[in-house]
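I opened this notebook to record what I looked up in one structure, entry by entry.

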Amino acid sequence: MNSDVEIAGDPLAVPHLLQPVPRHPVTVAGFAGLARTIAADRSRWAPLVQYDATTRWYARLETGPGYEVWLLSWVPGQGSGLHDHGRSSGVLTVLEGELTERALGANGETRRSLSAEDQRVFAPGYVHEVVNDSLEPAVSLHIYFPGLTEMTPYVACTAPAIQEQVAG
């Protein structure tokens, strides 16, 4: 019996059969991988981190075609408030410390504790809030695709069916 390589030939010997390697991510898995790559390169992001006791600190780390990468710091007690990301999907990766995510969905409220290297992936319309409930600062990386153009804030509620957008 012949192997696939014997039948089809060696794809490495025929360059036009190889799929080009994308320079930038184009899938959710690709964006999650980009976040892990950036997280592993501590020298790239750690020197940039600042902490601000009055407001969450953030800086855009990178942009690409149709996406943005943000670095955020959280001192104890700081939170994002309940919000969505408009038409953007995203990947949230904790780089240092611990954050708590509260998400609202069809099945009610879910709370998760996120530690260093934990990731959350979300689609447009995902309603959540992130808070540093710990006693130590935290740092997180956020990738939005397409780039973040809106964040809709919400008032406290118990289920997405009864959410009210904050007048603004």
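**Entry 1: Overall layout**

I read along the sequence and found that the chain follows the pattern α-α-α-β-β-β-β-β-β-β-β-β-β. That gives 3 helices and 10 strands in the chain. Helices (H or I, at least four residues) and strands (E, at least two) are DSSP runs, numbered from the N terminus.

I note that this is a predicted model, in which local features need pLDDT of at least 70, side-chain atom pairs count only at pLDDT 80 or more, and totals for chains, interfaces and linings use all residues. Residues are numbered from 1 along each chain as its sequence is written, and side-chain values use heavy atoms, with hydrogens and water left out.

I then looked up burial for the chain: of its 168 residues, 40% count as buried. Buried means under 20% relative accessible area, exposed over 50%, and partly exposed in between (1.4 Å probe, protein chains only). I also looked up contacts, where contact means heavy atoms within 4.5 Å. Among the contacts in the chain with a separation of 6 or more, 70% are between residues 24 or more positions apart.

**Entry 2: Helix H2**

I checked the length of helix H2 (residues 28-40). The expected span of a helix is 1.5 Å times one less than its number of residues. The 13 residues of H2 should therefore span 18 Å, and the end C-alpha atoms are 18 Å apart, which agrees.

Which residues of H2 are buried? I listed Phe31, Ala32, Gly33, Leu34, Ala35 and Ile38. An α-helix has 3.6 residues a turn, so residues three or four places apart point the same way. The cover over the buried residues of H2 includes helix H3 (42-45) and the strands E1 (57-64), E2 (67-74), E4 (89-96), E7 (119-122) and E9 (138-145).

**Entry 3: Nonpolar cores**

I looked up the nonpolar cores, each a set of buried Ala, Val, Leu, Ile, Met, Phe, Trp, Tyr and Cys residues joined through side-chain atoms within 4.5 Å. The largest has 17 residues, of which Ile38, Trp45, Tyr67, Val69, Leu71, Leu141 and Ile143 touch the most other members. H2, E1, E2, E4 and E9 each supply at least two residues of this core. Apart from it lies another core, of 13 residues, including Leu92, Leu114, Phe122 and Tyr126.

I followed one member further. Not counting residues up to four places away in sequence, Ile38 touches Arg44, Trp45, Leu61, Glu62, Val69 and Leu141.

I placed Trp74 in strand E2. Trp74 counts as buried because its relative accessibility is 1%. Leaving out residues up to four places away in sequence, its contacts include Arg56, Leu99, Val130, Pro137 and His142. The C-alpha atoms of Trp74 and Thr55, 19 residues apart along the chain, are separated by 8.5 Å.

Val75 lies in the loop between E2 and strand E3 (83-84). At 15% relative accessibility, Val75 also counts as buried. With residues up to four places away in sequence set aside, Val75 touches Tyr51, Asp52, Ala53, Asn132 and Pro137.

I found Arg60 in strand E1. Is Arg60 buried, exposed or partly exposed? Arg60 is partly exposed, because its relative accessible area is 49%. Beyond residues up to four places away in sequence, Arg60 touches Glu68, Val69 and Trp70.

**Entry 4: Backbone exceptions**

Most residues other than glycine have a negative phi, and most peptide bonds are trans. I noted Glu117, which has a positive phi of about 80 degrees although it is not a glycine. Glu117 lies in the loop between strand E6 (108-115) and E7, and at 72% relative accessibility it counts as exposed.

I also noted that the peptide bond from Phe145 to Pro146 is cis, with omega near -5 degrees. Pro146 is placed in the loop between E9 and strand E10 (152-153).
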